[in-house]
Amino acid sequence: MDSIEYSSLILALQMIKGVGPKTARQILIQFKGEDLQKSDWLIRCHSSVIHKKVINGDLTGADWLKAKEVAKESIKKSLDAGITVINFKDAAYPKNMSYLNNFPLILYVKGNLDLLNQKSVGFIGTRRPTKIGEMMSRRMAKKFAEDGYVIVSGLSVGTNTAAHLGALDVNDGKTIAILGESLEQPIYPKENTKLADEILSRGGALVSTFRYGTMVKRQFLAARDEWESGMSDGLVVVETDQNGKTEMALQHALKQHRKVGMLDHTQCAKITDVTKIEEAINNQKFIKLGRALPLWSEDSLMNFEQQIDRARKKRLSDKSILFNQKGNNQINLF
């Protein structure tokens, strides 16, 4: 079975109400792709979600065949729109994501697939950074790009935009933008449409976990934040926001065991009292707790690079934790 057929089956599973990535993985462990082509797997499935639906008559063989057709058409529309569809078994699938407990089974990509498995640094932060925060976001991203790292961010205004631009300030700098809508949709925010085009024209990539026809929603933007760190080897938090969204993204990184670096405003000679800068308060809290490395000087960036490089090497050499499901059956990719 080829990759596109398998992706269609995965999408069909996820289109069943109540079936999320975890349940879909359980089904994919029990059944081969060829088994899922027919509908008799429904009555043999170990998943309690599927079993209950079948017993209650909420999921029939006809329903499954219909879901397969809808999923197949959705994948075709993506391909026709110039979008590459990869699933978790494809070689191009980012291995960093493969180590997560909750990884997306399908990714949609425009642009350079090779970037998905190169060493990378994610950038997050408020949409309304201070002047120092915006300047340092771009400057740090440029330095990482010069050192051969792909910059991963979310294409939002503010911090994300500065990070993408920092990567593009380097002649051969590359950056990945993770979006909160499907890739044939208009770019959100619309003011970054030209930036998205430049990312692609300069050999970068746009990535989404959302299938064809998915319009941007607030909750999708929040869900996107999890993959900015999940795809990256380390995460830079430039400044935090007032509504806590950046801190939520930071928590994702910590759960994913990613090294976190934070802009250390205390090292700026122009700042006399960090407590008066709301965007810097959480940075200092996490730095003092030892949960984030302070970033400012080139030496601090080099130290951060060394730490994430060591963590990446260790992570990618330990095949035993691929597709970690806390001791349950593992999907063997390699």
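This briefing describes the strand order, helix packing and some backbone details of the structure above. The model is predicted, so local features are reported only at pLDDT of at least 70 and side-chain atom pairs only at pLDDT 80 or more, while totals for chains, interfaces and linings use all residues. Residues are numbered from 1 along each chain as its sequence is written, and side-chain values use heavy atoms, with hydrogens and water left out. Helices (H or I, at least four residues) and strands (E, at least two) are DSSP runs, numbered from the N terminus.

**The sheet**

- Nine strands form an open sheet with mixed pairing, in the order β1-β2-β6-β5-β4-β3-β7-β8-β9, where two strands pair if DSSP finds at least two bridges between them.
- The edge strands, each of which pairs on one side only, are β1 (84-87) and β9 (293-295).
- On average, and with direction ignored, neighbouring strands of this sheet are turned by 25° against each other; axes are lines fitted to C-alpha atoms, for helices over the stretch in contact, and angles run from 0 to 180 degrees between N-to-C directions.
- β1 and strand β2 (residues 106-111) run antiparallel and are joined by four bridges, and T84 has V109 of β2 as its bridge partner.
- The pairing of β2 with strand β6 (residues 205-208) is likewise antiparallel, over four bridges, with Y108 opposite S208 of β6.
- Strand β7 (residues 234-237) pairs with strand β8 (residues 259-263) in the parallel sense over four bridges, and here V236 stands opposite G261 of β8.

**Helices on the sheet**

- Helix α6 (residues 131-146) packs on the sheet and touches β3 (120-124), β4 (150-153), β7, β8 and β9, its direction making about 170° with that of β3; contact means heavy atoms within 4.5 Å.
- Helix α11 (residues 278-288) lies across β7, β8 and β9 and runs at about 135° to β8.

**The α1/α2 pair**

- The axes of helix α1 (residues 3-14) and helix α2 (residues 21-30) come within 9 Å and cross at roughly 130°.
- The two helices α1 and α2 are therefore oblique to each other, given that angles under 35 degrees count as roughly parallel, over 145 as roughly antiparallel, 65 to 115 as roughly perpendicular and the rest as oblique.
- On the α1 side the contact is made by Y6, I10, L13 and Q14, and on the α2 side by P21, A24, I27 and L28.
- Sorted by class, this contact of α1 with α2 has seven nonpolar residues, one polar residue and no charged residues, where Ala, Val, Leu, Ile, Met, Phe, Trp, Tyr, Cys and Pro count as nonpolar, Asp, Glu, Lys and Arg as charged, and the others, Gly among them, as polar.

**Backbone details in loops**

- Most residues other than glycine have a negative phi, and most peptide bonds are trans.
- L155, in the loop between β4 and α7 (159-168), has a positive phi of about 70° although it is not a glycine, and with a relative accessible area of 0% L155 is buried (buried means under 20% relative accessible area, exposed over 50% and partly exposed in between, with a 1.4 Å probe and protein chains only).
- H257, in the loop between α10 (245-255) and β8, also has a positive phi, of about 60°, without being a glycine, but H257 is exposed, with a relative accessible area of 68%.
- Y188 and P189 are joined by a cis peptide bond with omega of about -5°, and P189 is found in the loop between β5 (175-178) and α8 (193-201).
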